[in-house]
Each structure stands twice: as structure tokens, then as C-alpha cells.
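Please look at the sequence and the model first.

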Amino acid sequence: EAEGGKLEIRPRLADVFDALTYRERYQELLEQTGRDGLTGLYDRGRLERQGPMRVADMIAAGRSSSLVLVDIDGFKATNHRHGHSTGDQVLKLVGQKLTETMRSSDNIYRYGGDEFVILADGMNHDTALAVAERLRRAIESYSAAEKLPVTISAGVATCPYDGENLSSLFASADTRLYDAKFAGRNRVVGRRGAQSGDTTAQST
């Protein structure tokens, strides 16, 4: 009993320990399943474990397949200006739109804080560019309607022309993502430049 006759309730150490243990077990379970806890997408660890073999299989089968690297524009500023709760809402939105836009056979990974990777088996470069542009427009339209400060930029690379393993494909997509950012953000860049209506951005 605290001073003044008021009852002071403190959490038992065992209760705190149980709560921490539950969270740790939940996180371990997520890591084992290779899922990101916030978006439900595959996580970076799963990409690093399975991605190289998936790309190798695409190359061996002679399939033109694409990697799309997506980055949320100005995400750090969004977190700073609107708070981490809004930031989490933005991440969930992008994850949802990725799932809705891509095929069920595509693999979607949350690669980093505000980056996502798509491995699209059997999707050629032109189709990947068109799909990425559809994703960009969907997020832009939804965010405008919901007054959420979110747009995306994306770089697209396709094997075997842009690379014959995961690392080289990722590097090509990353270069094109940088081109998209440098050209003003909110656009998709592939082998022939931006696909969002701005023809000034050039890619490698």
C-alpha cells in the first residue's frame, strides 16, 4: 500500500518476463517462417536464402524473369513529420498494394525499412515495367484519396540481359532506382528510362 492509503499496483516480475518471452517467441516464429511482422510479406532473410536459387532456376530454364526494387519516397521525412504510427500505416499500405498488384506466383519481400523486392518468374521486361507503373499509380491514387503522404519509385531489371544471378540483377535494379530518385521520384525506371510519363530520366 502506497502513502496516503492508495493501493499501488505493480506488475509482477513473472508477468513482465512472460510478456517478454511471448514477444521473443513470436519474433522467432516470424523469423522461422520468413515473414515480416508488420506487412506479412517475405522478409530479407528469406530473399537471401532462397533468392539466389530461384534466379538460378530462371536462368537455367531460359525464362525471361524480372526483379523490381521498390522504395517509398521520403519515408524518413514521413516518420519524422507524422510519427512512426503513420509510417507503419504507409508500410502496410504499400505491402497491401504490392500483394494486390502482383501475381500470386510472384515473390514479394520487405528488404529493408522502406524497400521492397519483387521476383517475378517468367515476366519479361516490358510487362514488369507496366506492372510496376500500375503499382506506382495505384499507390499514388490511394494515398491522395486517403491523404497519406506516400509515393514510390522503382527500378526494374530482367534476366538474363541485366544479370545472371541475384546480385547482378539487384545491382541493375538498384542503379535504375537511383535514376528514378535523381529524376524527381514517383516514377519507374527500366532499360529504356522512366515509364511514368517523364521521358527525361535515362537508365543504363
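Angles under 35 degrees count as roughly parallel, over 145 as roughly antiparallel, 65 to 115 as roughly perpendicular, and the rest as oblique. Two packed helices are described by the angle between their axes and the distance between the axes.

The model is a predicted one. The protein chain has six helices and seven strands. Read from the N terminus, their order is α-β-α-β-α-α-β-β-α-β-α-β-β. The chain has 204 residues, of which 45% count as buried. Among contacts in the chain with a separation of 6 or more, 65% join residues 24 or more positions apart.

**Helix α3**

Helix α3 spans residues 75-82, and its buried residues are F75, T78 and N79. An α-helix has 3.6 residues a turn, so residues three or four places apart point the same way. On the face of α3 turned away from the buried side are the exposed residues K76, H80 and R81. The cover over the buried residues of α3 includes β2 (65-72) and α4. Just after α3, G83 has a positive phi of about 100°.

The table lists the two packed pairs.

| Pair | Angle between axes | Axis distance |
|---|---|---|
| α3 and α4 | about 140° | 7 Å |
| α4 and α5 | roughly 140° | within 10 Å |

How are α3 and α4 oriented to each other? Their axes pack at an angle of about 140°, and α3 and α4 are therefore oblique to each other. On the α3 side, the contact is made by F75, T78, N79 and H82. On the α4 side, H84, T86, G87, V90 and L91 take part. By class, this contact of α3 with α4 has three nonpolar, six polar and no charged residues.

Helix α4 covers residues 84-101 and helix α5 covers residues 125-146. The axes of α4 and α5 cross at roughly 140°, and the two helices are therefore oblique to each other. The crossing of α4 and α5 is right-handed. Which residues of α4 and α5 meet? From α4 come L93, V94, K97, L98 and T101. From α5 come V131, R134, L135, I139 and Y142. The contact of α4 with α5 has seven nonpolar, one polar and two charged residues.

Terms used:
Residues numbered from 1 in each chain as written. Predicted model: local features only at pLDDT ≥ 70, side-chain atom pairs only at ≥ 80, totals over all residues. Heavy atoms only, no water. Axes fitted to C-alpha atoms, helices over the stretch in contact; angles between N-to-C directions. Helix = DSSP H or I, 4+ residues; strand = E, 2+ residues; numbered from the N terminus. Left-handed = near helix turned anticlockwise from the far one by under 90°. Contact = heavy atoms within 4.5 Å. Nonpolar A, V, L, I, M, F, W, Y, C, P; charged D, E, K, R; others polar. Buried < 20%, exposed > 50% of the residue type's maximum accessible area, 1.4 Å probe, protein only.
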